[in-house]
Amino acid sequence: MGRICVFCGSSRGASPEYARAAREMGGLLVAMGLGLVYGGASGGLMGVVADAVLAEGGEVIGVLPKVLESKETPHPGVTTLHRVGSMHERKALMADLADGFIALPGGLGTLEEFFEVLTWGQLGMHAKPCGLLNVGGYYNRLMAFLDHAQAEQFVREGHRSLLLVADTPTALLGKFAGFAAPEVERVLDVRSI
Ligand code: AMP
């Protein structure tokens, strides 16, 4: 693995625990020799994780759609900032650049980005690990919902197991190191969507 894509909130959330975890994640990426791919903004948890990687001398690649620049201030210090034409281009480029995907706590944007890339794994469009960092139990209810979806036979067990979850960055990246994507029929390539 060379780079990890981190999706996370454009806000910092209600508890300082979230920013603490984002800083820890950034520091650990650098310690493990991994670069960061992220949304390219300077605010919220996104800015916190980017700042943490940069403070340790790591590589940060931001991917910001032009349409978002009036809403999200581009981070001035990133190693590389790709300005792209649309949200779809952003997600495709992030997926190309990264070797694994992590969602820290976040809102609708974080969930949308993370679940899209997880479903690309489900379709066999990539074989890269996808994990939730469950800081302070933030994602417990989402996990409970996915248990329900599996019990109701809308999510297959093999697909559910594509979603890695851990409470700490160290535990999550440990799971990434041992991840082997299950054999699934490859239906599409990311570039064809
Ligand atoms: P949020 O988790 O709602 O704070 O959003 C986190 C970030 O996700 C936002 O700042 C946007 O950069 C990004 N985002 C929101 N919606 C989308 C989308 N449909 N596609 C790609 N990125 C998005």
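The model is predicted: local features require pLDDT of at least 70 and side-chain atom pairs pLDDT 80 or more, while totals for chains, interfaces and linings use all residues. Residues are numbered from 1 along each chain as its sequence is written, and side-chain values use heavy atoms, with hydrogens and water left out.

The ligand is surrounded by 16 residues, the closest being Ser-10, Glu-72, Arg-90, Gly-107 and Thr-110; a residue is near a molecule or strand if one of its heavy atoms lies within 4 Å of it. A polar backbone atom of Gly-107 is 2.7 Å from an oxygen atom of the ligand, and an N or O atom in the side chain of Lys-91 is 3.3 Å from a ligand nitrogen atom.

Lys-91 is also in contact with Glu-113, as are Phe-7 and Arg-90, when neighbours of Glu-113 within four places in sequence are left aside; contact denotes heavy atoms within 4.5 Å. Glu-113 belongs to helix 4 (residues 108–122), helices (H or I, at least four residues) and strands (E, at least two) being DSSP runs numbered from the N terminus. Glu-113 counts as buried because its relative accessibility is 13%, the classes being buried under 20% relative accessible area, exposed over 50% and partly exposed in between (1.4 Å probe, protein chains only).

Gly-107 and Ser-11 are separated by 96 residues in sequence and by 8.4 Å in space, C-alpha to C-alpha. Ser-11 is located in the loop between strand 1 (3–7) and helix 1 (16–31).

In strand 3 (residues 60–65), six of six residues are buried. Val-60, Gly-62 and Leu-64 point one way from the strand, and Ile-61, Val-63 and Pro-65 the other. Strand 3 runs parallel to strand 2 (residues 35–38), to which three bridges join it; strands pair if DSSP finds at least two bridges between them. Val-37 has Ile-61 as its bridge partner. Five bridges join strand 3 to strand 4 (residues 80–84), also in parallel, with Gly-62 opposite Leu-81.

Conventions:
A polar contact is a pair of N or O atoms within 3.5 Å; within protein, one must be able to donate a hydrogen and the other to accept it, and residues adjacent in sequence count only if both atoms are side-chain atoms.
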